[in-house]
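Morning, everyone. I have one structure to walk through today. Please have a look at it first.

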There are 2 protein chains.
Amino acid sequence: MTTAKSQLRADARENRARVLTVAQELFAERGLEVPMAAIARRAGVGVATLYRRFPTKESLVLEAFAEQFSVCQAVIEEALADADPWRGFRTVIEKVCLLQATDRGFTAAFVATFPEMHSEVRERTWQCFSELVERAKAGGRLRADFSPHDLTLVLLANSGLAGLPVEMAVAASQRLVAYLLEAFRVGTDELPPPVPLSLDLVLS
Amino acid sequence: MTTAKSQLRADARENRARVLTVAQELFAERGLEVPMAAIARRAGVGVATLYRRFPTKESLVLEAFAEQFSVCQAVIEEALADADPWRGFRTVIEKVCLLQATDRGFTAAFVATFPEMHSEVRERTWQCFSELVERAKAGGRLRADFSPHDLTLVLLANSGLAGLPVEMAVAASQRLVAYLLEAFRVGTDELPPPVPLSLDLVLS
DNA sequence: TGGTAAGTGGAGACCCCCGTCCACTTCGCC
DNA sequence: GGCGAAGTGGACGGGGGTCTCCACTTACCA
């Protein structure tokens, strides 16, 4: 991959990088439905240039979010290293959901490309998370009937908040996550747990 | 409204009804992005006919889902009549979420038209639900920091499941709702509560 | 410094969608 | 039955999207 990029001419390489950056910005701001022409314009290149580097919109999306995906991966592995598996579990869900709420395109890219991701990566992520789940259960803090598939459930549910303006999305996501974690936890202490600020959620 | 419809010629009235039915079916199956032409074709009419009765796509959507909205309203009022406010509360969330999971277009229509709905209706629905929430809290089964706005949160989260094939969406929605209700409940009994069957949620 | 392959931009082909127009058909009252 | 108004369908305008083609420009090596 690096080889392919460095075989490009200097100016081309820079254009490519700029396109990628702009794409990430715009996808985050406005979601995946932003037109290719808009990306090209903001990157200061023509449409053809864009298509020369990324033969299809899907390929651009994939590449633009590759970094985010690897962040997810990192989050999970870091959590696995945590001495307290429940805290690790909690952190994974909180961080990934925050990422989702912050970046409007990420959600769409995630559900759109999950099947396409190199199964190697997906497999690895999956196993890490399953391991984390097992440990958290063994630690007695995570309910026994929690399924690793519930992570998908959480992600999907959280993605439903993507339409909101960013600040609201973040607040809403935090509250949702707090509720869900409350449900996943096996309740030792019964004091009303952390529930972030409520926001007027009257739609638009 | 009835007057307007009956002033139509007999054939026109039937065409109108068929269009509406078809629209409901297609919106449920494929979501709101189904083209007007497809609706017209399946209803066996031309596009012009469709537009004569429903001057804009939005108006068609609105009318197509008016029924569903009134169902929601009915669900809430029925719940309010329930002697056990917590059971009423639970039922509202379960039923509305099921409706959402079953009908792919409903979610989109809901968030798209919530602001436009006669504020009278919305106001009324809202007050009913708030009342229900108060009672459930007073009954000691619903956590005190639950906000009526959390209903919106639930609906939005549940809408994130809309992309799944219908059966999966239903199963996933049921599990999500079970989790959320678990979080909303103030926990008297701590036995692992009803969590419906898990489903392989590997995306597509 | 000049030749050449790599790179570029913008016009436009192609497609899909919403909504309109108008010549034609059908209902239904007299 | 016949006439007028109501109703109808398909072609079409307008807009916006993805992706392609091609004449022109630019980097880079000898």
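Let me start with a term: two residues are in contact if their C-beta atoms, placed from the backbone, lie within 7 Å. Keep in mind that this is a predicted model.

Now chain A. The domain assignment gives domain 1 (4-63) and domain 2 (66-203). Between these domains of chain A, 9 residues of domain 1 are in contact with 7 residues of domain 2. On the domain 1 side, two elements give two or more residues: α2 and α5 (57-81) of chain A. The largest share comes from α2(A), with 4 residues. By type, that side of domain 1 divides into 5 nonpolar, 1 polar and 3 charged.

Next, the DNA. There are 23 residues around DNA strand C. Which come nearest? Gly46(A), Ala48(A), Ala10(B), Pro35(B) and Ala48(B). Chain A gives two or more residues from each of α2 (10-30) and α4 (47-53). α4(A) gives the most, with 4 residues.

Last stop, Leu180(B). This residue lies in helix α10 (residues 166-184) of chain B. Buried or exposed? Leu180(B) is buried, because 23 other C-beta atoms lie within 10 Å, and the cut-off for buried is 20 or more. Leaving out residues up to four places away in sequence, Leu180(B) touches Tyr179(A), Ala183(A) and Val154(B). Leu142(B) is 38 residues apart from Leu180(B) along the chain, and their C-alpha atoms are separated by 12 Å.

That's my tour. Questions, please.

How values were computed
Residues numbered from 1 in each chain as written. Chains lettered and ligands numbered in written order. Predicted model: local features only at pLDDT ≥ 70, side-chain atom pairs only at ≥ 80, totals over all residues. Near = placed C-beta within 6 Å. Domains from an automatic or database assignment. Nonpolar A, V, L, I, M, F, W, Y, C, P; charged D, E, K, R; others polar. Buried ≥ 20, exposed ≤ 12 C-beta atoms within 10 Å, placed from the backbone.
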